[in-house]
Amino acid sequence: MIDTENLTKKFGDLTAVDNLTINVEDGEVFGFLGPNGAGKTTTVRMLCCLISKTSGTARIGDYEVGNSADQQKIRRMIGLLTENVGLYEELSAYDNLDFYGRFYKLDEQRRKERIEYLLKMLGLWEKRNEAAATFSKGMKQKLAIARALIHDPQVLFLDEPTASLDPEAAKTIRDLILELKKEKRTIFLNTHLLDEAEKICDRVAILKTQLIATGTPKELRRRLSGRKIKVQLQRVDNVIVEAIRKIGFQVSEITPDSLVIDVNDPEKENPTILKAIEAAGGHVQFVTEIGSSLEDVYLKLVRG
Amino acid sequence: MDFQSAWAVAAKDFKILKRKSQVIYITVVFPLVVGIAFPLILQYALYHPKNSLVGRIGVTGLMDAFSVWFLIGAAVIPAAIASYSLVGEKIQKSLEPLLATPMTDGEILLGKTISGLVVPLAAIYAGSVIYMSLMDVVTRSTLGYLYYPNWHMGAILLVAPFLCLLSVELNIIISSRVNDVRTAQQMGMLCALPFFGVYIASELGIFTFNDTNLLILAGVILVIDVVVFFVSRAAFQREEILTKWK
C-alpha cells in the first residue's frame with residue numbers, strides 16, 4: 001500500500017531523510033520510530049504530498065507521490081492526523097468535521113452519517129455542538145482523528161497521536177487505534193513511544209535520517225539483542241560458570257543465585273547447558289527466556 | 001477550480017468571524033461613521049455658512065469629496081479581516097490539515113479572498129446607503145432635488161470592490177509572511193498608502209475624482225488585482241508554509 005525506494009529529502013545542505021526504502025502492506029499498522037529530528041514528520045509530509053521529495057520514488061496504492069496528476073487522488077485516499085491537532089477552536093466539533101467533509105465531495109446526508117458515526121465512536125456525540133476550545137487535550141486529539149477519518153480513508157497517517165497526552169487519554173487513543181486496526185485500514189504511525197509501538201504495530205522501522213532497521217518488534221529484539229536465558233540456581237560458583245564457558249556459551253550476568261546466558265536457539269541449546277551445570281554440581285531451580293525490550297533495541301540502534 | 005470548496009473555506013471563516021466581535025466592530029465602524037457623521041457635519045455647515053467650506057466648494061462638491069472616503073475605507077478595512085484569516089490559521093496551526101485535503105492552493109486563496117472581501121464590502125455598501133439617504137435628507141431643501149443616487153456615487157461603488165480586492169490580496173501576501181495578527185494588520189494598513197497618495201493628489205488639484213477618472217481608476221485597479229492574485233498564488237507555497245512558518 002505504501003512503498004518508497006531511496007526516498008530522500010534535503011532542505012538546502014541538510015538531509016532530513018536519506019534513501020528511505022520501506023514497504024507497508026495493506027491493512028498493516030506500521031510504526032515509524034526515531035528520535036526528534038530523525039525525519040519522521042518530513043517522511044509523512046512527503047507521503048501526504050505536502051512537501052516535495054528531492055529524489056527517490058514513493059507510491060501510495062497505485063498512485064505516485066510527486067506526480068502532479070496523482071496528488072489529488074492520493075489526498076483523497078489518505079487521512080492525516082498532524083502533530084499539532086490544528087482544530088478551529090471557535091467552531092463546534094460538528095462544524096469542524098462538517099467543514100472537512102465538504103472537501104471530499106461527501107453530500108450533506110453522507111456527512112451527517114459519518115459525523116454521527118465518528119463522534120459516537122469516539123464518545124464525543126453529546127458534545128458535538130460545543131466549541132473545540134472547550135475540549136480537553138484528549139478530546140481534541142480524538143476530534144482530530146475523527147477529522148482524519150471523515151472520508152473513510154484507506155490509509156491513515158498518525159503523527160505522534162499520543163504525544164503530550166496524560167496516560168489515561170493516551171490509552172484511550174491507543175485503544176482507538178487498535179479498533180481502527182480491526183477495520184483493516186493501513187495505518188502509518190509516527191511515534192517515539194516504544195511501548196506504544198510494541199503494543200500496536202505489526203511492524204516497525206527505526207529511522208535516524210536513514211533507515212536503521214525494520215521488522216516486527218519481536219524480530220528486531222531477536223535480531224539485534226540475540227536471545228538470553230536466565231538460569232535460577234541454588235547457588236552459583238566459578239566451577240559452574242567455567243563449565244558453561246567451556247561448552248562455548250557467553251555468561252553475560254552473574255548473581256549469587258542466577259546466571260544470564262547468551263544463546264542462539266534455546267530450544268536446542270538449553271539441554272546441553274543444563275547438563276553442563278548439573279555436571280559441575282549446580283542445582284537448577286528453573287529456566288526462563290528473557291527478551292530485551294524494544295526500548296533496549298531502539299537505544300542500541302539510535303546511539304549507534 | 002472548485003468554487004464549492006473555496007466557498008466552504010469562506011463560509012468557515014464567516015462562522016469564526018461571527019465570534020470575533022472585535023474584528024466585526026473594526027469593519028463596521030468606519031463605514032457607519034462616514035455614513036452618519038459626514039451628513040451631520042454638512043448639516044452643521046449649512047446652518048453656519050460663514051464658518052464652513054460650503055461657500056468655497058459648494059454643497060455638491062463637498063458631498064463628492066466626502067463620498068471618496070468610502071474608497072479610503074475600501075483600501076483600509078479589509079486589512080482587519082484578511083490579515084486575521086491567514087495569521088489565524090497560522091496561530092491555530094490549522095493549515096497543515098487543510099493543505100492535506102484535496103483542495104488546491106488556488107481554491108484556498110479564493111476562499112480566503114472571498115471571506116476577506118464580502119464583509120468589508122457589505123459594510124461599505126451599507127454605509128454608503130446610509131450616507132446617501134442622510135445626505136438627501138440634509139440637502140434636499142438647499143438643493144431643491146435629491147442629489148443621490150447619482151453616477152458619481154455609482155462610480156465610487158464600482159471602484160470600491162476592486163480596491164477592496166486589491167487590499168485583501170496584498171494583506172494575504174503580507175499575512176503569509178508574518179506571525180501575528182497585529183503586525184499583519186499594521187503592515188496591511190501600509191497597503192493603502194498608494195491610494196492615500198491619489199487622495200492627496202486630488203486634494204492638491206493634481207487629480208480629480210470625476211466619473212471618467214473613477215472608471216479609469218477601476219480599470220487600472222482591476223488589472224493590478226489580476227496580477228496580484230497570480231503573485232499571491234505563486235507566493236503561497238505549501239512547502240514553505242509547512243517548513244518555515246513558525
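Start with H3(A) and H5(A), which are roughly parallel to each other (an angle under 35 degrees). Select residues 93-101 and 137-149 of chain A: these two helices pack at about 25°, with axes 9 Å apart. Axes here are lines fitted to C-alpha atoms, for helices over the stretch in contact, and angles run from 0 to 180 degrees between N-to-C directions. Helices are DSSP runs of H or I with at least four residues, strands are E runs of at least two, and both are numbered from the N terminus.

This is a predicted model, where local features need pLDDT of at least 70, side-chain atom pairs count only at pLDDT 80 or more, and totals for chains, interfaces and linings use all residues. Residues are numbered from 1 along each chain as its sequence is written, and chains are lettered from A and ligands numbered from 1 in the order in which they are written.

Now show side chains: Ala93(A), Asn96(A), Leu97(A) and Tyr100(A) in H3(A) meet Leu143(A), Ala146(A) and Arg147(A) in H5(A) (contact means C-beta atoms, placed from the backbone, within 7 Å).

Next, the sheet in chain A. Six strands form an open sheet, ordered S6-S7-S8-S3-S9-S10, with mixed pairing (strands pair if DSSP finds at least two bridges between them). Its edges are S6 (78-81) and S10 (210-215) of chain A. The twist averages 15° from one strand to the next. Pick residues 203-208 of chain A, strand S9: five bridges join S9 to S10(A), and the two run antiparallel. Ala205(A) sits opposite Thr214(A) there.

Finally, select 167-182 of chain A: helix H6 packs on the sheet, touching S3, S7 and S8 of chain A.

Methods: Angles under 35 degrees count as roughly parallel, over 145 as roughly antiparallel, 65 to 115 as roughly perpendicular and the rest as oblique. Two residues are in contact if their C-beta atoms, placed from the backbone, lie within 7 Å.
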